[in-house]
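Let's take a walk through this protein together, one spot at a time. Keep the 3D view open and turn it as you read.

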Amino acid sequence: MKTAISILAFGLLASTTVHAQVVGEGVRWCGDYGSPAEDMPEEFGQFAFLVGDYDIEFLDWDAEAESWGEPRPYYAHWNGRYGLGGRSIIDEWYAPGFGYRETSGAGINIRIWDAEEGIWKTAWHNTATNQVLDLRQQVLEDGRLHLWQVYPDVPERNIWFETYENGEWARIEQARDEDSGEWVNSVSLYARPAECAPLE
């Protein structure tokens, strides 16, 4: 009888699409997000969507269907809060497998709004590479909040953020098509608010 129940349970699990919980403990702030400093300009709110705890789905572009494909069977974790007395946004990234796989790293962005230049200046630190990247973000003519890398220079990527009314958001990345030279969709990091219950 136990064998039959086990086989039935396994069959039910196998037939259901489940996103594996693949980040370890201690990766959520659960409400401890701080607040912006009172004298920050309106533009400081451009990254307010990052503030919170989010589970991240990886969506690959299906060129044949011309749409985003099904999510990969795992997710990462991304959270953001106000830091440095409310004068920056600090967000952490935990790659799939963090806390379980030695090769899976984590990273942190420190985003500071430069009011004189009208641009976000960001330092990205990653435990997997131990390299510091110099990034910039700005709302460009298309109305999107774009991201690009200053050091080391990576010219063949086009990245921007999209926000949605339900509190979800995405980081969209494009790459150059080798044949046409046009930008084509590549990967979407799709963020959904995470439940702040303790991880099992």
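Cys30 counts as partly exposed because its relative accessibility is 37%; the scale calls a residue buried under 20% relative accessible area, exposed over 50%, and partly exposed in between, using a 1.4 Å probe and protein chains only. You'll find Cys30 in the loop between α1 (2-14) and β1. Those labels come from DSSP runs, numbered from the N terminus: helices are H or I with at least four residues, and strands are E with at least two. Leaving aside residues up to four places away in sequence, Cys30 touches Asp53 and Cys196, where a contact means heavy atoms within 4.5 Å. Now look for Asn79: it sits 49 residues from Cys30 along the chain, yet their C-alpha atoms are separated by 9.2 Å.

A quick word on what you're looking at: this is a predicted model, in which local features need pLDDT of at least 70 and side-chain atom pairs count only at pLDDT 80 or more, while totals for chains, interfaces and linings use all residues. Residues are numbered from 1 along each chain as its sequence is written, and side-chain values use heavy atoms, with hydrogens and water left out.

Next, head inside. A nonpolar core is a set of buried Ala, Val, Leu, Ile, Met, Phe, Trp, Tyr and Cys residues joined through side-chain atoms within 4.5 Å. The largest one here has 30 residues, and Phe47, Ile56, Trp78, Trp93, Phe161 and Trp169 have the most contacts inside it. Several strands give two or more residues to this core, among them β1 (52-62), β4 (88-94) and β11 (183-193). There's also a second, separate core of five residues, including Trp160 and Tyr190. Back to Trp93: its contacts beyond four places in sequence include Ile56, Trp78, Trp124 and Leu189.

So how do some of these strands line up? Strands pair if DSSP finds at least two bridges between them. β4 and β5 (residues 106-114) run antiparallel and are joined by six bridges, with Ile89 standing opposite Arg111 in β5. β5 then pairs with β6, again in the antiparallel sense, over eight bridges, and here Ile108 stands opposite His125 in β6. The hairpin of β5 and β6 has four residues between the strands, and in it Gly118 takes a positive phi near 65°.

Finally, come out to the surface. Tyr151, found in strand β8, counts as exposed because its relative accessibility is 52%.
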